[in-house]
Amino acid sequence: CNGLSANSTIETCNSCNCLDDGWIDRHRRDSPDKPMLFTENEGWFQPWGEAVAIRTTADVAYSVAEWFAGGGAYHAYYMWHGGNNYGRTAGSGITTMYADDVLLHADGTPNEP
């Protein structure tokens, strides 16, 4: 998601809140002619050795509202279910499940306390 990788790429935001962490302001300053793309709205993030920080549904929804209010053009919702693939959405014989502490469990049921 690094827009500096090649001339034809667009840097994207991977964060819990692209407004609060300053990404939107940096993008407007550095790439005013490119759309703002939010590719990974993390449902959780765990730095090595620290406890898992689980976000609430309200927090994720608020960050999406702020994103579009701030001029965001695209938001990928796949991280709401941990980036997991279902049915034929993955490659043949490939199953991914790397985040089950997000808004939806891998089986699609709500993650409720």
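1. Order of elements. Along the sequence, the protein chain of this predicted model runs β-α-β-β-β-α-β. It contains 2 helices and 5 strands, where helices (H or I, at least four residues) and strands (E, at least two) are DSSP runs numbered from the N terminus.

2. Basis of the values. Residue numbers start from 1 along each chain as its sequence is written, and side-chain values use heavy atoms, with hydrogens and water left out. Because the model is predicted, local features need pLDDT of at least 70 and side-chain atom pairs count only at pLDDT 80 or more, whereas totals for chains, interfaces and linings use all residues.

3. Confidence. The mean pLDDT (the predictor's confidence in each residue, from 0 to 100) of the protein chain is 77, and 68% of the residues score at least 70. Where pLDDT is low, the predicted coordinates should not be read in detail.

4. Burial and surface. Of the 113 residues in the protein chain, 34% are buried, meaning under 20% relative accessible area (1.4 Å probe, protein chains only). The accessible surface (Shrake-Rupley method, 1.4 Å probe) comes to about 7200 Å², with 56% belonging to carbon and sulfur atoms.

5. Contacts. Among contacts (heavy atoms within 4.5 Å) between residues at least 6 apart in sequence, 45% join residues at least 24 apart.

6. Salt bridge. The structure holds 1 salt bridge, defined as a side-chain nitrogen of Lys or Arg within 4 Å of a carboxyl oxygen of Asp or Glu. Arg29 and Asp30 form it, with their closest N and O atoms 2.8 Å apart. Both Arg29 and Asp30 are exposed, that is, over 50% relative accessible area.
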